[in-house]
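Hello,

Here is the structure I promised to pass on to you. Have a look at it first, and my notes on what turned up follow below.

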Amino acid sequence: MAAPGENLRINADRLWDSLMEMAKIGPGVAGGNNRQTLTDADAEGRALFQKWCEDAGMSMGVDTMGNMFATREGTDPDALPVYMGSHLDTQPTGGKYDGVLGVLGALEAVRSMNDLGIKTKHPIVIANWTNEEGTRFAPAMLSSGVFAGIHTQDWAYDRVDAEGKKFGDELKRIGWVGDEEVGARKMHAMFELHIEQGPILEAEEKDIGVVTHGQGLSWTQVTVTGKESHTGSTPMPMRKNAGLGMGRILELVDEIAWSHKPDAVGAAGHIDIYPNSRNVIPGKAVFTVDFRSPNLATIQDMEKRLAEGAKKICDEMGLEVELEKVGGFDPVEFDKDCVSAVRDAADRLGYSHRDIISGAGHDACWINQVAPTAMIMCPCVDGLSHNEAEEISKDWAMAGADVLFHAALETAEIVS
């Protein structure tokens, strides 16, 4: 198929204006956004996105998980669509670009196609996936997971937030339950543009990350049980300190991750200590170990060494330990043709690039199971994300959207 000409570019000012306009909805307290899924702010953001898509001549479809699909017709009614997109929901203290860049970058690509009078054989569809962040309703990538057959819709509808409100009820409350069957759509391919959420591209002064793989993830909840006792009057040899046992296991986690450098990582992000009192030796520690790697065998090795090492540590300290796997997914290898389309686009446009592995989960990771998929990344300042101080430059946004524009056009096949 013919490649788009290198002179074809998106309108960077219009993209940036759209990002700033969307950021006015669900403002955070420190310059970012709090537009959590299925809130009134989410509903307002969705309505603005729909208006923009309809203004660009697109038709909107919505499925029963609230996933939004804006379609630009192709010249061949039988050709499967090329999808672009990401998510509009944010963390409680989220930035203006995480997810949003992928949705509005796709919209800008369509607007630019309109400006340039470009027609494609395959239809173009922009997707806004519901509840990618998973902050209000766990797990993350919930609705793309239902679309890909990972979760059932009934299970998803029953997810509850911290106030006990159900996903299904809140989706209905904000008025975004569509009539399409989830997963009924078929795709020719999908591309997701996203900020890196890490420091590599900025540190190496690369414009574009060509995402070849997504890291697999393993979450193991570890419960260490000892004996609560007075910190001042319990002799050292007679203590059963669950907090100390946790500390030694966390050192083990770090050691395991380092042994699989450079791509494997590991840490505990969620930690509870009981009774969490100044003068009581902890009787119980509950924490979740997060291991990630692009290699499944590595993840399995890390899990095995954690289980064996934690038991050994606790046996030696007279503590009890229980391990429960509470989440995870296998590593993702993105479609080679889609990845090549991204790499070729960066080359054609003269943007510096490098292959990169996504350290975070994204909707593309689930969609990759049902359609050829690839991701494009642009740098973010200091690698900071999931933070209101998250920042990118207009040039970075432009480069990412340009590459998305070209990869989608090449895959959708320009006819005029």
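**Helix pairs**

Helix α10 passes α12 in a right-handed crossing (a crossing is left-handed if the near helix is turned anticlockwise from the far one by less than a right angle, and right-handed if clockwise). Before going further, please note that this is a predicted model, where local features need pLDDT of at least 70, side-chain atom pairs count only at pLDDT 80 or more, and totals for chains, interfaces and linings use all residues. Residues are numbered from 1 along each chain as its sequence is written, and side-chain values use heavy atoms, with hydrogens and water left out.

α10 covers residues 336–349 and α12 residues 394–412; they pack at an angle of about 120°, their axes 8 Å apart. That makes α10 oblique to α12 (under 35 degrees counts as roughly parallel, over 145 as roughly antiparallel, 65 to 115 as roughly perpendicular, and the rest as oblique). Axes here are lines fitted to C-alpha atoms, for helices over the stretch in contact, with angles from 0 to 180 degrees between N-to-C directions. Helices (H or I, at least four residues) and strands (E, at least two) are DSSP runs, numbered from the N terminus.

A second pair is α2 (residues 40–55) and α3 (residues 100–116), whose axes come within 10 Å and cross at roughly 15°. That makes α2 roughly parallel to α3, and their crossing is left-handed.

**The largest pocket**

Where does the largest pocket lie? Domain 1 (12–214 + 331–415) and domain 2 (216–329) both contribute to its lining, so the pocket lies between them; the bounds come from an automatic or database domain assignment. Its lining has 48 residues, with Leu-217, Trp-219, Asp-290, Arg-292 and Gly-361 nearest the centre. (On a 1 Å grid over the protein atoms alone, a pocket is an open set of points where a 1.4 Å probe fits, with protein on both sides within 12 Å along at least five of seven lines; lining residues have an atom within 4 Å of a point.) Strands giving two or more residues to this lining include β7 (216–225) and β14 (353–358).

**Backbone details**

The peptide bond from Ala-138 to Pro-139 is cis, with omega near 5°. Pro-139 sits in the loop between β4 (124–128) and α4 (142–147), and Asn-131 is also found in the loop between β4 and α4. Phi of Asn-131 is near 55°, a positive value in a residue other than glycine.

Enjoy exploring!
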